[in-house]
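Subject: A structure for you to look at

Hello,

I am passing a structure on to you, with some notes to read beside it. Please open it first and then come back to the text below.

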Amino acid sequence: MRIFVPAVALLIAACSSSETPRTAADSQAAHIAEVAAAGGVVDSILPIAEQLRRFSVGLEPTDTLRHASPSRDALVRRFLAALSKSDTASLNAMVLDRSEFAFLYYPTAAISKPPYEAPPQLLWGQIISSSNEGLPKLLARTAGESIALDGIACDAAVVSEGGNRLHNSCRVTIRLGRGAPTTERLFGTIIERSGRFKFIGYANAL
């Protein structure tokens, strides 16, 4: 039975009781609430484990992040190099794919646990939507110019979720062409797993 997701709507109200989300999971829950309010539907009567099983049907299992970088700095430098060339194929290879999300990220993510229990299809949809909105902004912002990296700063506290380490609220200081340095949030959370690094998505502040 397909129904709207009242549980998620209630969750949003709880997470929105303060002016700003307290955690990354709170922030994700707020985004998911927007999706649900816009008409997102899910089999909310099913337990999360069954929803994940259904979400994973037909996906190739994976136990590693594919096309990943060996360090956070290497990932960001690779990202900036791809931006400067408007290389969308490389940019797409640097973010989680659906299998990595299903088998590596979602099962231990805080957003999949109480009190959130956000369904995998809604969370994945939110990540895709944010990236689809953010990537064109990135490409327009850089417009194929050379990009020099001056620094990277993320939250000092790295969040551990199962075998994953999450680097949140990252900002980069860059110089476009001959311009002055600017500090910007150009991408979302970086996921680290077994010494390999990728972006969860391309949500940004542009």
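**The disulfide**

C154 and C170 form a disulfide, with 2.0 Å between their sulfur atoms; the term is used for a pair of cysteine sulfur atoms within 2.5 Å. Please keep in mind that this is a predicted model, in which local features need pLDDT of at least 70 and side-chain atom pairs count only at pLDDT 80 or more, while totals for chains, interfaces and linings use all residues. Residues are numbered from 1 along each chain as its sequence is written, and side-chain values use heavy atoms, with hydrogens and water left out.

The structure holds 1 disulfide. The torsion about the S-S bond of C154 and C170 is about 110°, so this disulfide is right-handed. The pair links distant parts of the chain, 16 residues apart: C154 lies in the loop between β3 and β4 (159-161), and C170 in the loop between β5 (164-167) and β6. Helices (H or I, at least four residues) and strands (E, at least two) are DSSP runs, numbered from the N terminus.

Are these two cysteines buried or exposed? C154 is buried, at a relative accessible area of 17%, and C170 is buried too, at 1%. Here buried means under 20% relative accessible area, exposed over 50%, and partly exposed in between (1.4 Å probe, protein chains only).

**The sheet**

Three strands make an open sheet in the order β3-β6-β7, with antiparallel pairing; two strands pair if DSSP finds at least two bridges between them. β3 (147-153) and β7 (182-184) stand at the edges with a single partner strand each, so one side of each has no neighbour in the sheet. On average, neighbouring strands are turned by 30° against each other, direction ignored.

Strand β6 (residues 171-176) is joined to β7 by 3 bridges, and I174 has T182 in β7 as its bridge partner.

Helix α3 (residues 48-56) and helix α7 (residues 120-142) pack at an angle of about 55°, their axes 9 Å apart. Axes are lines fitted to C-alpha atoms, for helices over the stretch in contact, and angles run from 0 to 180 degrees between N-to-C directions. The contact (heavy atoms within 4.5 Å) is made by Q51, L52 and F55 of α3 and P120, Q121 and W124 of α7.

Enjoy exploring!
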